[in-house]
Amino acid sequence: MVAVMGVLRRVLLRASRSPWLARQMRNRRFVRRAVTRFLPGEDAESALKAAQIFATQGILSVLTELGENVADRADAEAVTRDYLKVLDRITEQRIPAQLSVKLTHLGLDLGRDICAAQLSTLVKRADALGNFVWIDMESSEYTDVTLDLFREMRRQVPNVGVCLQAYLHRTPRDLEQLMPLKPSIRLVKGAYNEPKEIAVSSKRKVSERYLDLARELLDNLSSQYHPPGFGTHDMRLVNWIRAYARGRSIAADCYEVQMLYGIRSEDQRRLAADGCRVRVLISYGTAWFAWYMRRLAERPANIWTVARSMMAP
Ligand SMILES: Cc1cc2nc3c(=O)[nH]c(=O)nc-3n(C[C@H](O)[C@H](O)[C@H](O)COP(=O)(O)OP(=O)(O)OC[C@H]3O[C@@H](n4cnc5c(N)ncnc54)[C@H](O)[C@@H]3O)c2cc1C
């Protein structure tokens, strides 16, 4: 069974990179219906509205426009403009929401400098508005340049954080090297198809790595600018992190549990009601195909949701 799941995961992750399949699926009604489980709508307004509702439940948000690997400079600039508008809307509406961005969505494939210019515009505006921008971590071919751009931005402003993936062999060393910068870190397991020379593949080992890194982050809170974000739906990890923090008298607002919209929603509310600082990542936009395939790969049982939507009238 584990082997079958592994193969299915690899197939889904390979499919996530197919522009042909993306075109085929994008307009299929049953796929669109299944996707709505993971995003409140395709436009930014739906995401802002969802963030407002979360705020009434004591849950913080982080908004991200779906899309990656843009191949045209004008598209990267348009994405930046969209994000600037969203930052303004967040400020006007006083929503406790931050931004999370993918560097290939901001033109990284077109050149480091093109992407750096977009990112710098965003983090500076967020800084002026008292907001915060997280940088997602994409597949391993981008790890070096992502960390490099994070360092460059961090030297300009404090309000920028980066995601680290526990499955990468290199991550403990990356974390150690980032610490002198007083960084802000979101820790996740990792969502891409990586070879074993680059990443741990056993689920158990990834979780062990995750806990080692979480301990490192919790033991060194004063060396970080923003409370570390533990991005996981794995309640065993969440419970461990909370117990570890309690055992060291770390206040509940000194770290965040971050989850995705539509996944473990009841746990999100329960944790927030229990005093835990919870932040939900809300996606929006039309380019959801690759992202949605990664969500299916994380839990192949989600394929039944697609199958059910196929059968619905
Ligand atoms: C806020 C946030 C930001 C992220 N940013 C990045 C990033 O920048 N780069 C990156 O590589 N990855 C990112 N990820 C994804 C992450 O790497 C994992 O792929 C994802 O979180 C699944 O791992 P898990 O820790 O939730 O544990 P898992 O062991 O995969 O899941 C634990 C349980 O959570 C539930 N669950 C998990 N995923 C799903 C799903 N898709 N559908 C339904 N139920 C599910 C299931 O009940 C499952 O048993 C992010 C995740 C979060 C929450």
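Predicted model: local features only at pLDDT ≥ 70, side-chain atom pairs only at ≥ 80, totals over all residues.
**Entry 1, domains.** I began with the division of the protein, which is into domain 1 (1-38 + 296-313) and domain 2 (40-287). Taken over C-alpha atoms, the centres of domain 1 and domain 2 are 24 Å apart. I then looked up the contact and noted that 6 residues from domain 1 and 7 residues from domain 2 take part in it. On the side of domain 1 that touches domain 2, the largest share is held by helix H1 (residues 2-15), with 3 residues. That side of domain 1 divides by class into 2 nonpolar and 4 charged residues, with no polar ones.

Which residues are closest to the ligand? I counted 23 residues around the ligand, and the closest are Asp136, Ala191, Gly231, Thr232 and His233. Two or more residues of the shell come from each of strand S4 (160-165), strand S7 (256-260) and helix H12 (289-298), and S7 gives the largest share, 3 residues. Sorted by class, the shell holds 9 nonpolar, 7 polar and 7 charged residues. I also checked the shell against the domains, and at least three of its residues come from each of domain 1 and domain 2.

I next looked up helix H9 (residues 203-219) and helix H10 (residues 235-247), whose axes are 11 Å apart and which pack at an angle of about 30°. Because the angle is under 35 degrees, I noted H9 as roughly parallel to H10. The crossing of this pair is right-handed. From H9 the contact takes Ser207, Tyr210, Leu211, Ala214, Arg215 and Leu218, and from H10 it takes Leu237, Trp240, Ile241, Tyr244 and Ala245. By class, the residues of this contact are 9 nonpolar, 1 polar and 1 charged.

How do helix H6 (residues 112-128) and helix H7 (residues 143-156) lie, and at what angle do they cross? Their axes come within 10 Å and cross at roughly 40°, which makes H6 oblique to H7. I recorded the crossing of H6 with H7 as right-handed. On the H6 side I listed Arg112, Cys115, Ala116, Leu119, Ser120, Val123 and Lys124, which meet Val145, Leu149, Glu152, Met153 and Gln156 of H7. The contact of H6 with H7 has 7 nonpolar, 2 polar and 3 charged residues.

Terms used. Residues numbered from 1 in each chain as written. Near = placed C-beta within 6 Å. Helix = DSSP H or I, 4+ residues; strand = E, 2+ residues; numbered from the N terminus. Nonpolar A, V, L, I, M, F, W, Y, C, P; charged D, E, K, R; others polar. Domains from an automatic or database assignment. Axes fitted to C-alpha atoms, helices over the stretch in contact; angles between N-to-C directions. Parallel < 35°, antiparallel > 145°, perpendicular 65-115°, else oblique. Left-handed = near helix turned anticlockwise from the far one by under 90°. Contact = placed C-beta atoms within 7 Å.
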